[in-house]
Amino acid sequence: MSVQKPARSAPGKPAPDATRRSEKSRRAIYDAALALVVEVGYPKTTIEGIAARAGVGKQTIYRWWSSKADVLMEAFLDLGEQSMREAGPEPYAFPDTGDIAADVKSVLRATVDQLRDPRFEAPSRALAAEGVVNEQLGRELVAKLMQFSLDLYIGRLRAAQDAGQVRADIDPRIALEFFISPLAQRWLQHTGPISYEYTDTLVDYALHGLAPR
């Protein structure tokens, strides 16, 4: 194989910005991966298909990621970060107003907004559905996409325990599922509409129970 000299920029023109070019390619790969998983599903999404859709070579993708799962996870994380930046200057903090019910309701309302956002809904459904039948992918989804949020719930519930707003003997990791699991099931399986009213009711039921007061 012959070795070619690198092309020189024309006189008076700046050299191409490699960083900008790499970022443009990365963005194209993110967009292609998310679009394909919606159109053909996770099993039929391939590195070759992502590369063709993004207009890059396979070697470009393999230089940055080791598998299609890694590409999709990062693409989805990037999408989430974009949404967080749009949400405000402190997007990663779980609110702590001193009122655990109001704080959880606020976060769940934001979750409803995200689940109904067309940018998130289709790729989220595709990845979540595949995670149900693909245990390895499901575990990766939890570890890479969900664990950070789960930890925020745990931290807020522990603060509520310290404040005497919830029982000291509960396990926060189990308790948080009263808030998020019913919402996830309803959204994924279309068992009913998701709304602020629905998630507010979940919080009330979880914190106050079903038995007569």
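Analyst: Contact here means heavy atoms within 4.5 Å. The model is a predicted one.

User: Leaving aside neighbours within four places in sequence, which residues is Ile100 in contact with?

Analyst: Ile100 lies in helix α5 and is buried, with a relative accessible area of 5%. With neighbours within four places left aside, the contacts of Ile100 are Arg156, Leu157, Ala160, Gln165 and Leu207.

User: How many helices and how many strands does the chain have?

Analyst: Read from the N terminus, the elements run α-α-α-α-α-α-α-α-α-α. The secondary structure of the chain therefore comes to 10 helices and 0 strands.

User: Is Val112 buried or exposed?

Analyst: Val112 lies in helix α5, and, leaving aside neighbours within four places in sequence, it is in contact with Leu183, Ile194, Ser195, Tyr196 and Thr199. A residue counts as buried under 20% relative accessible area. At 0% relative accessibility, Val112 therefore counts as buried.

User: Which helices are included in what covers the buried residues of α5?

Analyst: α5 has 16 residues and reaches 22 Å from its first C-alpha to its last, close to the 22 Å expected at 1.5 Å a residue. Its buried residues are Ile100, Ala101, Asp103, Val104, Val107, Leu108, Val112 and Leu115. What covers these buried residues includes α6, α7, α9 and α10.

User: Why can the buried residues of α9 be said to line one face of the helix?

Analyst: In α9, the buried residues are Phe179, Ile180, Leu183 and Trp187. Seen down the axis of α9, these buried residues fall within a limited arc, so they line one face of the helix, and the arc in question is 70 degrees.

User: Which helices are included in what covers the buried residues of α9?

Analyst: α9 has 13 residues, and from its first C-alpha to its last it reaches 17 Å, close to the 18 Å expected at 1.5 Å a residue. The cover over its buried residues includes α5 (100-115), α6 (118-133), α7 (135-162), α8 and α10.

User: Which helices do the buried residues of α10 pack against?

Analyst: At 1.5 Å a residue, the 13 residues of α10 should span 18 Å, and its end C-alpha atoms are 18 Å apart, which agrees. The buried residues in α10 are Tyr198, Thr199, Asp200, Leu202 and Val203. They pack against α5 and α9.

User: How do the residues lining the second largest pocket divide into nonpolar, polar and charged?

Analyst: The second largest pocket has a volume of about 340 Å³. The elements that give two or more residues to its lining are α8 (172-175), α9 (177-189) and α10 (196-208). Lining residues of this pocket include Leu157, Gln165, Arg167, Asp171, Phe178, Phe179 and Leu207. The lining of the second largest pocket divides into 9 nonpolar, 1 polar and 2 charged.

User: Is Glu140 buried or exposed?

Analyst: Glu140 is found in helix α7. Not counting residues up to four places away in sequence, Glu140 touches Ala69, Asp70, Met73 and Leu145. Under 20% relative accessible area a residue counts as buried, and at 18% Glu140 is therefore buried.

Methods: Residues numbered from 1 in each chain as written. Predicted model: local features only at pLDDT ≥ 70, side-chain atom pairs only at ≥ 80, totals over all residues. Heavy atoms only, no water. 1 Å grid on protein atoms, 1.4 Å probe; cavity = no way out; pocket = protein on both sides within 12 Å on 5 of 7 lines; lining within 4 Å. Points joined across faces, edges and corners; volume = space filled by probe spheres on them. Helix = DSSP H or I, 4+ residues; strand = E, 2+ residues; numbered from the N terminus. Nonpolar A, V, L, I, M, F, W, Y, C, P; charged D, E, K, R; others polar. Expected span 1.5 Å × (residues − 1). Buried < 20%, exposed > 50% of the residue type's maximum accessible area, 1.4 Å probe, protein only. Arc of directions from axis to C-beta.
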